[in-house]
Amino acid sequence: MEDIIVCEGLNKYYSGVHALKNLSLKIKKDSVVGLIGDNGAGKSTLIKILSGAHQPDSGHIYFEGNKVKFKSTKEAMNLGIETIYQYSALIPEMSIARNIFIGREQTQYNVGNFGLMKTKTMQDDAMKALTDVELHLRSPDTPVNQLSGGERQGVVIARAMYFKSKVLILDEPTNHLSVKETNKVLRFVEGLKSQGVTSIFITHNLSHVYPIADHLCVMARGEKIADMDKKDTTIDHLTDLLVNG
Amino acid sequence: MSKNFSLRSLLVRPEVATFLMFLAIMIGFYIANERFLDARNIRIVMGITPEYIIVAIGIAILMISGEFDLSVGSVFALVPMTIVQMVHQGIPPWFAIFLGLMIGIIVGFVNGFITLRFGIPSFIATLGMLYIARSLTTVATAGFPPPFPHILPNELFVYQFELFRASLYWALLVAVVLGVMLHRSNVGNWIYATGGDQNAASSMGIKTGNVKMFCFILCGFLAGFAGMIQTFRLEAPLPSQGYLLELESIAAAVIGGVSLFGGIGTVFGAVIGAILIRFLESGIIMARIDAEWFRAGLGSLIIIAVVFNTYISRRATRIGQNKAED
């Protein structure tokens with residue numbers, strides 16, 4: 001299978017700290033990649049670079065075979081790379097429908113970039129997007145703060161699906177979720193594969209990502225210390241790598 | 001969706017609670033003195049209210065985006081003072097109005113620039129501007145408040161119709177246009193997102209700095225516009241005009257259900273909040289209560305409104321969490 005993202009020799013410094021050391025990584029299309037590592041391993045730095053939030057100090061990124069340089073998250077999103085951050089993926093007080101369309105509202109009577117929202121269309125499409133990820137909620141007008149943690153992750157994933165993301169980067173999507181809710185989120189992510197979405201699942205909890213991952217990448221101290229298909233490794237081996245670096 | 005549920009979801013909307021509070025106060029004062037709601041009193045109260053409505057809308061939208069503006073009271077005085085002085089200098093009235101309103105826009109821009117560029121709280125940036133703009137107003141009076149130049153087209157803004165002044169229609173126009181912008185346009189969605197969670201909004205590609213800057217400029221413009229209307233109504237530019245207005249407009253917004261933390265509020269709420277404050281003031285006088293009680297009443301109202309809204313929103317969140325545990 002072809003690679004959707006290829007990173008070559010990425011380096012990133014934050015005021016003298018070498019946060020990402022010469023990282024190279026290939027991500028296959030339509031796979032689930034587990035990116036694991038303890039706090040401070042450089043996972044966040046890597047995803048910030050892949051999502052366009054930060055720029056690497058050196059190195060190259062190829063997306064679908066083309067060299068890319070993201071200046072903003074918007075540029076990465078336009079190519080189909082969507083990032084879901086742990087705490088800040090949704091606006092709690094806003095409705096599900098409004099959350100799904102933030103920054104990408106469907107508008108009419110446009111003047112330049114501004115226009116009136118097609119509220120009805122957005123509500124209908126939001127419900128459809130939720131149903132597509134098997135999430136059945138009462139109303140698209142429900143504020144997100146009335147949803148459970150798992151449901152919220154479902155809304156975020158539904159949003160990424162609706163906008164035809166090719167790559168979904170999930171930053172600790174199962175943190176602080178109950179076992180039941182975690183399983184719900186894992187099912188969402190597993191379902192993405194069959195719909196042609198590649199996911200990069202970042203976590204420090206190996207047991208969450210191991211069951212659904214096709215490929216695993218372990219990081220420590222800003223470096224990649226292991227990078228292998230699941231069939232070539234075991235959970236014990238990975239745990240050993242995580243603990244002992 | 002059952003009818004029952006939609007009624008409950010309506011009741012938890014903060015501006016609905018404000019509206020109920022408004023009705024309670026109107027009925028209460030009407031019982032105290034029937035003349036509270038006769039045409040004469042409504043004409044008096046609604047003659048001065050539009051200016052406060054316009055400022056409150058600007059403050060509310062800025063607060064929803066997650067920022068404050070304490071300089072509105074000073075801009076409220078500075079803009080009309082410069083318009084009047086420019087007309088005295090021989091600048092054509094409409095051009096003077098244009099330049100004066102530009103000052104409101106510039107002050108808003110400077111507030112936004114200082115807040116966003118230097119990453120300091122808007123509370124501080126605009127507190128500084130409160131003093132600067134007030135000082136400039138006093139300097140611009142050149143020692144003595146100038147007379148009102150009657151070539152200014154003030155009738156267009158404040159003409160007294162049978163019951164209402166033209167300024168009320170201007171305020172309604174502002175409310176409708178900005179209400180549609182905030183609640184129906186994509187810009188409104190960005191404003192709520194920015195105030196609700198700035199990190200989340202920017203991770204979804206919203207230029208939150210630009211959104212806030214827009215709200216700062218809008219707020220400055222509206223404060224200046226409202227100040228101009230007051231001067232046109234009084235036909236006297238006073239350097240003390242709008243004193244303490246910054247707190248009163250924040251009060252109107254908060255009573256109307258706008259959150260101090262951003263992301264929550266409506267234009268309708270701010271409008272009701274502003275009207276409520278003016279009728280509270282009038283009601284206290286009409287009920288022959290010592291007018292000094294007005295501030296105590298306003299203070300209590302602010303606290304009640306915020307306590308109530310906090311209670312309601314906690315309850316609403318709890319409904320969601322209980323459901324999640326099912």
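**Figure 1. Pairing of strands S1(A) and S4(A) around A:Asn11 and A:Ser58.** In this predicted model, A:Asn11 stands opposite A:Ser58, a residue of S4(A). Strand S1 (residues 3–14) and strand S4 (residues 58–63) of chain A run antiparallel and are joined by five bridges.

**Figure 2. The hairpin of S4(A) and S5(A).** S4(A) also pairs with strand S5 (residues 66–68) of chain A; the two run antiparallel, with three bridges between them. A:Phe63 has A:Asn66 in S5(A) as its bridge partner. Two residues separate the strands of this hairpin, and A:Glu64 in the turn has a positive phi of about 50°.

**Figure 3. The side of chain B that touches chain A.** Contacts link 24 residues of chain B with 28 residues of chain A. On the chain B side, two or more residues each come from helix H9 (186–196), helix H10 (198–203) and helix H14 (293–325). H9(B) gives the largest share, six residues. By residue class, this side of chain B holds twelve nonpolar, ten polar and two charged residues.

**Figure 4. The fold of chain B.** Chain B has 14 helices and zero strands. Its radius of gyration is 20 Å, close to the 20 Å given by the globule rule for 326 residues, so chain B is as compact as a globular protein of that length. The C-alpha trace of chain B spans about 75 × 55 × 30 Å along its principal axes. Of the 326 residues in chain B, 50% count as buried. Among contacts in chain B with a separation of 6 or more, 77% are between residues 24 or more positions apart.

Key
Residues are numbered from 1 along each chain as its sequence is written. Chains are lettered from A and ligands numbered from 1 in the order in which they are written. This is a predicted model: local features need pLDDT of at least 70, side-chain atom pairs count only at pLDDT 80 or more; totals for chains, interfaces and linings use all residues. Two residues are in contact if their C-beta atoms, placed from the backbone, lie within 7 Å. Helices (H or I, at least four residues) and strands (E, at least two) are DSSP runs, numbered from the N terminus. Ala, Val, Leu, Ile, Met, Phe, Trp, Tyr, Cys and Pro count as nonpolar, Asp, Glu, Lys and Arg as charged, and the others, Gly among them, as polar. Two strands pair if DSSP finds at least two bridges between them. The radius of gyration is taken over C-alpha atoms; the globule rule is 2.2 Å times the number of residues to the power 0.38. A residue is buried if 20 or more other C-beta atoms lie within 10 Å of its own, exposed if 12 or fewer, and partly exposed in between; C-beta atoms are placed from the backbone.
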